[in-house]
There are 6 protein chains.
Amino acid sequence: MDPTTAPLSGAVDARNTSHFIASGQTALPMDSMGRFWSGENVFSSGNLKLDLLHNFFLECGARANKMRVYEMVDDPTARTMVGYLLVRGGLHVVAYAKALEVLTGVDVKKLLPIPDLSNDAFPEAKKFMENKMHLKLYTFSQDDYTQAGIIWNGDHPETGEPLEVIKGAIPGHTPPDLDEEPQLNAPGADDIDPQMFADIARKLGVKM
Amino acid sequence: MDPTTAPLSGAVDARNTSHFIASGQTALPMDSMGRFWSGENVFSSGNLKLDLLHNFFLECGARANKMRVYEMVDDPTARTMVGYLLVRGGLHVVAYAKALEVLTGVDVKKLLPIPDLSNDAFPEAKKFMENKMHLKLYTFSQDDYTQAGIIWNGDHPETGEPLEVIKGAIPGHTPPDLDEEPQLNAPGADDIDPQMFADIARKLGVKM
Amino acid sequence: MDPTTAPLSGAVDARNTSHFIASGQTALPMDSMGRFWSGENVFSSGNLKLDLLHNFFLECGARANKMRVYEMVDDPTARTMVGYLLVRGGLHVVAYAKALEVLTGVDVKKLLPIPDLSNDAFPEAKKFMENKMHLKLYTFSQDDYTQAGIIWNGDHPETGEPLEVIKGAIPGHTPPDLDEEPQLNAPGADDIDPQMFADIARKLGVKM
Amino acid sequence: MDPTTAPLSGAVDARNTSHFIASGQTALPMDSMGRFWSGENVFSSGNLKLDLLHNFFLECGARANKMRVYEMVDDPTARTMVGYLLVRGGLHVVAYAKALEVLTGVDVKKLLPIPDLSNDAFPEAKKFMENKMHLKLYTFSQDDYTQAGIIWNGDHPETGEPLEVIKGAIPGHTPPDLDEEPQLNAPGADDIDPQMFADIARKLGVKM
Amino acid sequence: MDPTTAPLSGAVDARNTSHFIASGQTALPMDSMGRFWSGENVFSSGNLKLDLLHNFFLECGARANKMRVYEMVDDPTARTMVGYLLVRGGLHVVAYAKALEVLTGVDVKKLLPIPDLSNDAFPEAKKFMENKMHLKLYTFSQDDYTQAGIIWNGDHPETGEPLEVIKGAIPGHTPPDLDEEPQLNAPGADDIDPQMFADIARKLGVKM
Amino acid sequence: MDPTTAPLSGAVDARNTSHFIASGQTALPMDSMGRFWSGENVFSSGNLKLDLLHNFFLECGARANKMRVYEMVDDPTARTMVGYLLVRGGLHVVAYAKALEVLTGVDVKKLLPIPDLSNDAFPEAKKFMENKMHLKLYTFSQDDYTQAGIIWNGDHPETGEPLEVIKGAIPGHTPPDLDEEPQLNAPGADDIDPQMFADIARKLGVKM
């Protein structure tokens, strides 16, 4: 690609230039102002209740911020992503509230709305709820977290549907084979030679 | 408020998205690039002259930056705020210069303009000077800083008007009762129930 | 003071050298590892309940850390300071819990101990409780926060004594006139000339 | 535990006080000087060769630092942990070198020692090599990274033993049930009531 | 200049406001997101090969980023500056590759393109190459780095022209005398009084 | 070197572990608490007087800190280094004071001691003054800063000796050839093969 055509000229006015200058137009662990994620965010006090209280607060705060981001964007992909996060983050709010309730007897859920737990206003979130994504707690392991059902049981506080612990990870999608992006110095197939890969794979009996 | 109308769409192109995503459209302690205030800014060396020299320098630098911000904005509220800061910050420049002069005999004020101390070019600042805001040093306490007059006395170096130490704080204004902002998850009156507050207050004899 | 006697040699092995190198052996806004306070700590979401939940969590976490610091030190001054902070921080835990309870009806206090709210194990804290320091919420103003009694009323959840709102600030102490510290370049009285101050003060009628 | 016995007094002189004040004597994501991990460490340029070169460099640098840490400690647990990291990190050095070799034909391994790849000097590392830990590349998934064998094949450049791709994760160990640590506000069993857990688990048919 | 005309109004929408508020419209050591340079970027491991590998990686990454910046801008001055950096940074890539080759025998250059080393696509870079700027390694000293020729010798790997070590610094240009910028509080000549300078200079025999 | 002898065991209790883990026991750009230098330290306002005032303040503050460091150490090398910095930093204090005086007519030097400018108490500094190091301002260039004499002329305010501008840099010392440090992965001569260097140098006619 001819660089003198300024193929990345749109990036000059982008909110976050790092996504264009330092990465291949993909995500880096920073916020919308370019501030990097920091290990200071990790809270691990050695006191189970305190850690749960922290996480309950954190998920409530994250939910408030997600709502605002939803209200900023109208791109369908952005809204679908935020809708997904609202559903899964809402599940986390409920999970920490239930854990605190089991440990203390306090009906923490009544503290809500901090902000409102309902996703009724977010059509993209509602679609994920039709797929029961607000009910399923995944263990992300075949062997660990087998006792999650001690906390995650009963009905969802808002919809009344039964909560469910799922062994393993959320079924994912095959990541797309992205096109060559010469303007990002991201070489395409002929640079890496798929035939060479195929040859090695065949010799090794590796299934591609 | 219906979030699918993207009521915060204007924030996507805002200079500082944090004011929309992380706060209720109010101020957070960060600069225009989203860099947070840091305790590194505190200078306390144990040497009085050195601390005064630091503060004198700091106020001069802040004044230069305020002038530039004034020249960037034409919103009347923004200009009024900067005008106020120019007047009060200018007072601080003079105060530190006088303190250094008392301690050392050096006529530090002659170092000015670093930048120009005059507010003649800033109409909004001039209005505050008509109210003598450039002359009044507040103690922000009924009992402390009683000796401030040892430094803050004589006439203002630019206008020749008499300097004045005022016991207590600058008279403020009643903060406004902000409207509900549902797009910011900022609940309004019916969420917090003013009647409930009034009832408790009446029982307690609290004046509201 | 003769610097070749290495009068600050003890500071080489001090946990925090900044207190000796950069300040006059006094406090700077940093933690025990020399990390400065940051404006990122400010949480102001625009949602009252969320802010209160944050502060409730924060005070619980701070209390846990204070307890651990108490267990690290045996210096009487350090213990007295931590004891004071345990009493006043414990008051803040109760205050935020009561505020959340008024807004939501949830008995947030039952979440405790996160960690234990009792100061029985800390003799220095108990002394401050004998002075009712765990019961008094100060407004730190003559005119503001007049409605604090709507939240801060009734009895202390642990001791059963009546809670009290106090208009104004905690009575302080006269700060000591520190000695000259030549090893810290902190000049003493003859550098600043008290007679000169006295003369100016007399002329101005300033009471010293 | 009686806090007036200063049960954490040893922490006053600890290198990193955060592990005692802010966490339950466990690990937080910071280095030995208390500097937190930052997202700035993530390198994702959109150019595969450049990313591999970064990772090759990174693993070489990490290996140098691990060697130095080994030379600082003589605690058997610390040495075993560093020995494990030397073996696994050494495997990563080889993996990135092989990937670059496949893509470019350059025998990157010849750049070594940067530093020396041999673990002969580290008895604890040698034990892990007897268990073939330097040969096994894990996919940490049942379904992903099926093509890892295209890179990870042939013999180990130092020992000549055959390299092996293992589907799934490294077999772990059951995490220990840590004792109550009252000096860390880490409540023990009677605070969380194992009987309550057991009852809920039995009702739910959860295996504990 | 009359500040009420908002002479800096363009800066409100500038990517980086610091260049207008905190500096005189010149450069500060920060990136396009306002993140300051940090000493963390310094890599000095005590191991020569590791340091060279770091620098080789660093220059390759910097080259990728420069290419992207070139593709973002179409201002001739910006492109000329980036073109210059591409040529000189490309020289550094080759220099570190050659140093590693001498030390290890590995033909590191074959790792390229990471990204492509050719400047053919960048007309502004080509102009600097016509001046042999891709061939000349400067010692920036009359006396130091006399052995640089041990590494920097032979022909350029892309153009085949002979490499050259130049004793001393790149010939520079006389920095321009910038105009007064009253909107930036940058005083002009009459504030500093050139006559006064000339008088002192004459008395001292200083050549101006 | 056998790592199981823990040859770096002394570093476990070192103030700054980075110098052992991340570097070859040499210096990295960080302070005694491991905080890295930051570009935030650069002050360049576009206003010459303001920049000079900043630098004058900065040098005064640095001098105070150097004095304290001197008082912390008794190692002769450390004291010699601090003594050198006291002399050269004191020269900078005078230089900025003189520049401000020329521009404003204010006798800034009278602000001193902030702290005391005298080096009489520091024997190691006195030795450097015997070599006139407090009088010589270097241009660090053959061609630039030719007008420095406009500011740097007359006599030293403390000793009365004549100030002198020196074209070029301070005469340095040949950096020592450090021994191999295997415990730091710092390879020695046989790894880099001096004969190979000598051969290349001879062929190239490079003088070593």
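Reader: What share of the contacts in chain A with a separation of 6 or more comes from residues 24 or more positions apart?

Author: Those residues account for 59% of them. "In contact" has a plain meaning here: the C-beta atoms of two residues, placed from the backbone, lie within 7 Å. Before we go on, this is a predicted model, in which local features need pLDDT of at least 70 and side-chain atom pairs count only at pLDDT 80 or more, while totals for chains, interfaces and linings use all residues. As for labels, residues are numbered from 1 along each chain as its sequence is written, with chains lettered from A and ligands numbered from 1 in the order in which they are written.

Reader: How many helices and strands does chain A have, and what makes a stretch a helix or a strand?

Author: Six helices and two strands. Both are DSSP runs, numbered from the N terminus: a helix is H or I over at least four residues, a strand is E over at least two. Reading from the N terminus, chain A goes α-α-α-α-β-β-α-α.

Reader: How do you know where the domains of chain A lie?

Author: The bounds come from an automatic or database domain assignment. For chain A it gives domain 1 (12-42) and domain 2 (46-166), and the centres of these two, taken over C-alpha atoms, are 26 Å apart.

Reader: Why is Val108(B) called buried?

Author: Val108(B) has 26 other C-beta atoms within 10 Å, which puts it in the buried class. This residue sits in the loop between helix 3 and helix 4 of chain B. Leaving out residues up to four places away in sequence, Val108(B) touches Phe56(B), Ala97(B), Leu100(B), Glu101(B) and Val106(F). Ala97(B) is eleven residues away in sequence, with 5.4 Å between the two C-alpha atoms.

Reader: What makes a group of residues a nonpolar core, and which residues have the most contacts inside the largest one?

Author: A core is a set of buried Ala, Val, Leu, Ile, Met, Phe, Trp, Tyr and Cys residues joined through C-beta atoms within 7 Å. The largest has 77 residues, and the ones with the most contacts inside it are Leu53(B), Phe56(B), Leu100(B), Leu53(F), Phe56(F) and Leu100(F). There's also a second, separate core of 75 residues, which includes Val82(A), Leu100(A), Ala125(A) and Val108(C). In general, nonpolar side chains of soluble globular proteins tend to be buried together.

Reader: How do you know that chains C and A have the relation of a two-fold axis?

Author: Superpose chain C on chain A and you get a rotation of 180 degrees, 0.0 Å of shift along the axis and an RMSD of 0.0 Å. That is what a two-fold axis does.

Reader: Why is Lys132(C) called partly exposed?

Author: Its count is 16 other C-beta atoms within 10 Å, so Lys132(C) falls in the partly exposed class. You'll find Lys132(C) in the loop between helix 4 and strand 1 (136-138) of chain C. Its phi is positive, about 65 degrees, although Lys132(C) is not a glycine. Most residues other than glycine have a negative phi.

Reader: What about Ser118(C): where is it placed?

Author: In the loop between helix 3 and helix 4 (123-130) of chain C. Ser118(C) has 14 other C-beta atoms within 10 Å, so it is partly exposed. Thr159(C) is 41 residues away along the chain, and the two C-alpha atoms are separated by 9.3 Å.

Technical notes:
A residue is buried if 20 or more other C-beta atoms lie within 10 Å of its own, exposed if 12 or fewer, and partly exposed in between; C-beta atoms are placed from the backbone. Copies are superposed by least squares on the C-alpha atoms of residues with pLDDT of at least 70 in both.
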